Amino acid sequence: MPDDEWWRDKSTKAIPVEDGIRASTQRGDIGRTWWSRRFIESLEALGLGGRFERGRRYARAGQVLSMSLSTSIVMAQVQGSREEPYRVRIGIKAFTEPEWYEVEKALAGQALFRAKLLAGELPQDIEDVFARAGLRLFPDSARELSMDCSCPDWEVPCKHLAAICYLLAESFDADPFEILAWRGRGRQQLLDGLRGSLLQPEAPHEDALVDVLDDFWGSPVTAPAVASVRAAPDAVLDQLGPLPLTVGGRPLVEWLRPAYRALADTDEQ
């Protein structure tokens, strides 16, 4: 055996796993929603797609023993051809609090975005919201990702890392908020942030306040002019619109008008 292949197993066949995490998509492309497909496409755009075929087979065979996602990091164990499972880690940069504040403010300003998120979906144009804040929801550079595996394979991603990427895509299908949690915002925290952005009142314009203060109390000349404008005593009846009730063949409103006018005359005396 050549010296540079001392680490290779005599058998490259993975040890079967009975209760592993298995991809639900057993044929064709993995990822049924636009956001999970977009995640896989972003990895393929980084030149990593050609190394994913064996990883897809691992994901479908259920070779992944465990997988957990938290802010910035995914940790997993994958059973390979050696007895001890390989430890896998995929890291991504989390957005800062000020960056998330800008994103939440933009999302809160769009009723369609709020409705989609509350329904458990990612709006189709959500990437544009992140882009306007100078951010990328999906990685567009290999520098954004850090991938490690304890296997002896020198390729990155190896098939164990690739298997985790496919299972991540399927977990994003089930819960798109996991994408946002990976970037630093869990579901409840994001929804609370959207509500906070909606409830936060906008500061009044300073110049407008100055203009109002000068005329706030009014003046002896303008006050009578404002007070002289009066509504007709029966104008409130016009706000009711047509009523279906009639008395003696006449609409009820017409019977009430003389009474409203008479009451107004009484008050003036």
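How many bridges join E2 to E3? The count is 6, and E2 and E3 run antiparallel. This is a predicted model: local features need pLDDT of at least 70, side-chain atom pairs count only at pLDDT 80 or more, and totals for chains, interfaces and linings use all residues. Residues are numbered from 1 along each chain as its sequence is written, and side-chain values use heavy atoms, with hydrogens and water left out.

**The chain overall**

- The chain has 269 residues, and 34% of them count as buried. Buried means under 20% relative accessible area, exposed means over 50%, and partly exposed lies in between (1.4 Å probe, protein chains only).
- The secondary structure comes to 12 helices and 6 strands. Helices (H or I, at least four residues) and strands (E, at least two) are DSSP runs, numbered from the N terminus.
- Take the contacts in the chain with a separation of 6 or more: residues 24 or more positions apart account for 71% of them. Contact means heavy atoms within 4.5 Å.
- The accessible surface is about 16900 Å². Carbon and sulfur atoms hold 54% of that surface. The areas come from the Shrake-Rupley method with a 1.4 Å probe; for residues, only the protein chains shown count as cover.

**The sheet**

- An open sheet is formed by 4 strands in the order E1-E2-E3-E4, with antiparallel pairing. Two strands pair if DSSP finds at least two bridges between them.
- Strand E1 (64-70) and strand E4 (145-149) are the edge strands, and each pairs on one side only.
- From one strand to the next, the twist averages 10°. Axes are lines fitted to C-alpha atoms, for helices over the stretch in contact, and angles run from 0 to 180 degrees between N-to-C directions.
- E1 pairs with strand E2 (residues 73-78) over 6 bridges, in the antiparallel sense. Ser70 stands opposite Ile73 in E2.
- E3 and E4 run antiparallel and are joined by 5 bridges. Here Ile90 stands opposite Met147 in E4.
- Strand E3 (residues 86-92) is largely enclosed by the rest of the structure, because 5 of its 7 residues are buried.
- In a regular strand, side chains alternate between the two faces of the sheet.

**Helix H2 and its cover**

- Helix H2 spans residues 53-61. Its buried residues are Gly55, Arg56, Tyr58, Ala59 and Arg60.
- The cover over the buried residues of H2 includes E2 and helix H6 (159-174).

**Backbone exceptions**

- Most residues other than glycine have a negative phi, and most peptide bonds are trans.
- Ser72 is not glycine, yet its phi is positive, near 80°. Ser72 lies in the loop between E1 and E2. Ser72 is partly exposed, with a relative accessible area of 22%.
- The peptide bond from Val156 to Pro157 is cis, with omega near 5°. Pro157 lies in the loop between E4 and H6.

**The annotated span**

- An unreviewed UniProt entry carries the annotation "domain: SWIM-type" for residues 135-169. UniProt positions are given in the numbering used here, feature names are shortened, and annotations may be inferred rather than shown by experiment.
- Residues 135-169 are 31% helix and 14% strand. The end C-alpha atoms of this span lie 20 Å apart.
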